[in-house]
Amino acid sequence: MKISSIKINGYKNLIDCTYNLSQFNVLIGANNSGKSNFLEVFSFLDTILTGSDDVKDQLFRLGVSPRGNIQTNCTNVKNKNISVEIEFLDEVDKERYKYIYFIEVKVGNLLSGNKGLIEREYLQYKSVNKTGPINTVFDRRNTDVKLKSSKIASIDAAEALLSIIYKIKDVKENMDIPVQKGIEDIFIIAKTPVIYCSPNQIREAIVKQKPIIKNGRIASIDLINEIEKIFNSDQRQYFEEVLQDTLGIKIEIYNLKGIYKNLFVNFYDEDLQNKKNTIDKNEMFENGVGISTMSDGTLIVLNILTYLVSNKYPVLSIEELENSIHPKLLKKIIRLIQNDFSDIQVIITTHSPVLLNMVNFDNVSLITNKNYGKARIENVKDRKDLMKKLSGPFSDFSDIFYLVED
């Protein structure tokens, strides 16, 4: 499954904002330009489709998410509705299909007493190899539903029709196989992980042995238990090679009678490369150090690498990958993502001119909010085009971006 584009209108500063995605994507922009707002749209969609009643109530009645108000406060915007359109591709029985899912939400207002509702929602699909118009699976306007099945004639104004179809087994299973696949994909897209590593919270996760989620973003996975799962799988050898090549470390898990777990790290000596795999557990515990004492950068990279190896999602995003990471190590991670994890569609947000020098400019897009606070995402043609876009009062790091001939 691959997302082709995401169109957002009315979510915070994202007004008529379209992002056309490739397999590997780098999104840059100044602070408050809208990078994080764009990534929040995944959790916004997830709340509508699978959120608890309390969370959905906050969204529909108050227009509030864990990161504050979601309704736009941009000037010159009359329609305050929020809409998301996702176009994606997937393959069913060796035939490729294009899907379009659209949902438009009117959020409530506490002062007026108006409750939120879903104004419109539809799902369309089409084989990319066949001519003719796109097929409409359903088209819902407010509580009125146009669906072949007679089981769903009307629904609650704040309930996503897609969620109802997903829950009613015989309705979903009576649909064409490509439609069933597309419906499942939308729920997976809504769960797209957003990783924003915090070294302090990684240490907290190590102590508590559970993941740390902040404002819908993964600050840390459950590092020890995730590594243990990898060690008990056929991915262990590959994972150890990745840690060796990127961080120059070997890790072992210390498990005290199933009660207490810790990770011990031993660094490889470049002058003793022929002894890379000769360190046993006793040596690790005698000469290694506890993982919680590692540097911020090492913890962040270990967290990201572990997540990549254990990841089950077709799309994931990483915010500010460059944080606390040396440029040489950053380049290794970028190459690893592009080569070893090329089957994952990745979105990286960054402020780093160093990172930009490590990627192909076909993969770079710039988000700005010059027009009355309205965000716009533009593709970057080449290095000189990026230099031009980064100069001026709205961005300020073009002066340290290295102008090198392509």
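This is a short tour of the structure, one selection at a time.

Keep in mind that the model is predicted: local features need pLDDT of at least 70, side-chain atom pairs count only at pLDDT 80 or more, and totals for chains, interfaces and linings use all residues. Numbering runs from 1 along each chain as its sequence is written, and side-chain values use heavy atoms, with hydrogens and water left out.

**Whole chain.** Start with a cartoon view: the protein chain has 13 helices and 20 strands. These are DSSP runs numbered from the N terminus, H or I of at least four residues for helices and E of at least two for strands. Of the 406 residues, 54% count as buried (under 20% relative accessible area with a 1.4 Å probe, protein chains only; exposed is over 50%, partly exposed in between).

**The largest pocket.** Now select S43, D46, N215, G216 and R217, which lie nearest the centre of the largest pocket, among 34 lining residues. A pocket here is an open set of points on a 1 Å grid over the protein atoms alone where a 1.4 Å probe fits, with protein on both sides within 12 Å along at least five of seven lines; lining residues have an atom within 4 Å of a point. Its volume is about 590 Å³, taken as the space filled by probe spheres set on the points, with grid points joined across faces, edges and corners.

Which of them gives the largest share of the lining? That is α1, with eight residues.

**Helix α2.** Stay with α2 and pick out K56, L59 and F60, its buried residues. They cover an arc of only 85° around the axis, so they sit on the same side of α2 (the arc is that of the directions from the helix axis to the C-beta atoms). Their cover includes α1, β4, β7 (95-106) and β8 (117-127).

**Helix α11.** Jump to residues 327-340. The 14 residues of α11 should span 20 Å at 1.5 Å a residue, and the end C-alpha atoms are 20 Å apart, which agrees; the expected span is 1.5 Å times one less than the number of residues. Show L329, L330, I333, I334, L336 and I337, which are buried in α11. Seen down the axis, the buried residues of α11 fall within an arc of 160°, so they line one face of the helix. On the other side, K328 and N339 are exposed.

Key
Contact means heavy atoms within 4.5 Å.
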